[in-house]
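Subject: Structure for you to look at

Hi,

Here is the structure I promised to pass on, with my notes below it. Have a look at it first, then read on whenever you have a moment.

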Amino acid sequence: MRRRIAVLVCSSLLAVPRPARADGELWVWVENRVPVLRAERPTFPRIDWRFVGDFRVNKRSEGLNQAFLRTGPLFFVTDWLFVATQGTVYADRVKDGVHQTEARTELEPNLFGRIGDFTFNDRSRFESRWRTDSEHRWRYRNQLRINYAPVGAKWIPYAWNEVLWDLSGLGVNQNRLQFGLARMLNTTTRLDVGYMIRSREDAMGNWAHDHILNLYLFLDPPPR
């Protein structure tokens, strides 16, 4: 009887999904917005063209794991909404050491504004994704960012959270929570330094919680 109980206990432990191995990572983002059509402030008829580089290094890949390039126009509809339409390509290093590529088309409405000393940006992103093996998937992601940014502030504490939904059957399989401090280098350039906890689900249904240092350089064109 004891042997049977031991076998049942061991079988139960093996059947329970185990947490995936977490990792430490470094992410470096650079975003530059180039003016196409200027306005006195960020509202209609302003149009910018966005260029984003995104590079991610981790232990699992023993170096560069992912590299992204995102580009496309931003249309300012009002003084509280802009919509981006963009294309993205990226290379992702898989287990055998080979980098697979993925192409995306994205629609990205952004709500933004100020309430007292706080500013916010709520970004939705709808993605159509194609892998090199012809797999196609849909995904929706939402990121809410809140900044403590009194007018004229040079140092800006911030926090944001992003949830990722795979709409092709996987459901919610990733969450990113970040706290950080931004520094206005000049009136059009900002450097963010943040600590991110990324929770991700792998193919076996296990979750890992990675610790990420995120550096983000943001260059925004001045008003007209």
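A definition to begin with: two strands count as paired if DSSP finds at least two bridges between them. Strands themselves are DSSP runs (E, at least two residues), and helices are runs of H or I with at least four residues, both numbered from the N terminus.

The model is predicted, so local features need pLDDT of at least 70 and side-chain atom pairs count only at pLDDT 80 or more, while totals for chains, interfaces and linings use all residues. Residues are numbered from 1 along each chain as its sequence is written, and side-chain values use heavy atoms, with hydrogens and water left out.

**Overall fold**

The eleven strands close into a barrel in the order β1-β2-β3-β4-β5-β6-β7-β8-β9-β10-β11, with mixed pairing. From one strand to the next, the twist averages 20 degrees (axes are lines fitted to C-alpha atoms, and angles run from 0 to 180 degrees between N-to-C directions).

Of the 224 residues in the chain, 39% are buried, meaning under 20% relative accessible area with a 1.4 Å probe, protein chains only; over 50% is exposed, and in between is partly exposed.

**Strand pairs**

β2 (residues 47-58) and β3 (residues 63-78) are antiparallel, with twelve bridges between them; arginine 50 has glycine 72 in β3 as its bridge partner. β4 (residues 81-93) also runs antiparallel to β5, and 13 bridges join them. Here glycine 87 stands opposite threonine 105 in β5.

On to β6 (residues 118-131), which pairs with β5 in the antiparallel sense over twelve bridges. Glutamate 106 has glutamate 127 in β6 as its bridge partner. β5 and β6 form a hairpin with two residues between them, and glycine 116 in the turn has a positive phi of about 65 degrees.

**Proline 109**

One residue I followed up is proline 109, which lies in strand β5 (residues 99-115). Leaving aside residues up to four places away in sequence, proline 109 touches Leu81, Phe82, Val83, Asp122, Arg123, Ser124 and Phe126, where a contact means heavy atoms within 4.5 Å. Arginine 123 is 14 residues from proline 109 along the chain, and their C-alpha atoms are separated by 6.1 Å.

Best wishes
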